[in-house]
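Here are my notes on the model you sent over.

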Amino acid sequence: MSDQRCAWARGSSELMVAYHDHEWGRPSRDDAHLFEMLVLEGAQAGLSWSTVLNKRENYRRALEGFDRERIAEYGQEDTDRLLQDTGIIRNRLKVASLPRNARAFGDVREEYGTFAAYLWGWVDGTPVVNRFTEPSEVPVSTPLSDRVSRDLKKRGFTFVGTTIVYSYLQAVGVVDDHLVACPAKPA
């Protein structure tokens, strides 16, 4: 199977391979998971996914299980605590974005009933399944990610540029960019 995987997962760590094979590109409609991935994708900005994935459990611990409601209430004391936590990415702007994004996520949930309803509404509830055969064909952004990014920013989110949003859409299965030959491509 490893010879056929998407190029970014070939020869990677067991953690990265497991993420690729069992999570990436799989449609998620679970708000807790959608929030977790939004946090992690925002943390990735300017870094490799393997760096963030290797810190995922540290984030889970530091952010109280990615408890969105608690994070929405974080104040300066929490920010200071997180900036001292060597297990996570200690970028001041990324840490400051956590409560802001948690509150904005909650606002979207209030408006749409669930964040999933909002997110999946962009694609009428059906994943965009691309049929790329070469890694070079996979884009870093699309008109869809441009639109979602603009809307999220209008709603008060930060660290949601079009490249981050496209990566997020891939991660939560709104977009399936597994290569055609990849055995992990959902049916």
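1. First, the surface and the inside. Keep in mind that this is a predicted model. Buried residues account for 49% of the 187 residues in the protein. The protein exposes about 9200 Å², and carbon and sulfur atoms supply 49% of that area.

2. On to the fold. I see ten helices and two strands in the protein, and along the sequence they run α-α-α-α-α-α-α-α-β-α-α-β. The radius of gyration is 16 Å, close to the 16 Å from the globule rule for 187 residues, so the protein is as compact as a globular protein of that length. The C-alpha trace spans about 50 × 35 × 25 Å along its principal axes.

3. How far apart in sequence are the residues that touch? Take the contacts between residues at least 6 apart in sequence: 66% of them join residues at least 24 apart.

4. Now the core. The largest nonpolar core holds 54 residues, and the ones touching the most other members are Tyr-59, Leu-63, Phe-115, Leu-119 and Phe-157. Helix 2 (residues 31-44) gives the most to this core, with seven residues. As background, nonpolar side chains tend to be buried together in soluble globular proteins.

5. Phe-115 deserves a click. Skipping neighbours within four places in sequence, Phe-115 is in contact with Asp-31, Leu-34, Phe-105, Val-108, Arg-109, Leu-152, Phe-157 and Tyr-168.

6. Last, charge. The protein carries 24 positive and 27 negative side chains, and the centres of those two sets lie 3 Å apart.

Conventions: Residues numbered from 1 in each chain as written. Predicted model: local features only at pLDDT ≥ 70, side-chain atom pairs only at ≥ 80, totals over all residues. Heavy atoms only, no water. Helix = DSSP H or I, 4+ residues; strand = E, 2+ residues; numbered from the N terminus. Rg over C-alpha atoms; globule rule 2.2 N^0.38 Å. Buried < 20%, exposed > 50% of the residue type's maximum accessible area, 1.4 Å probe, protein only. Contact = heavy atoms within 4.5 Å. Areas by Shrake-Rupley, 256 points an atom, 1.4 Å probe, with all protein chains shown as cover. Lys, Arg positive; Asp, Glu negative; His and termini not counted. Charge placed at Lys NZ, Arg CZ, Asp CG, Glu CD. Core = buried A, V, L, I, M, F, W, Y, C linked by side-chain atoms within 4.5 Å.
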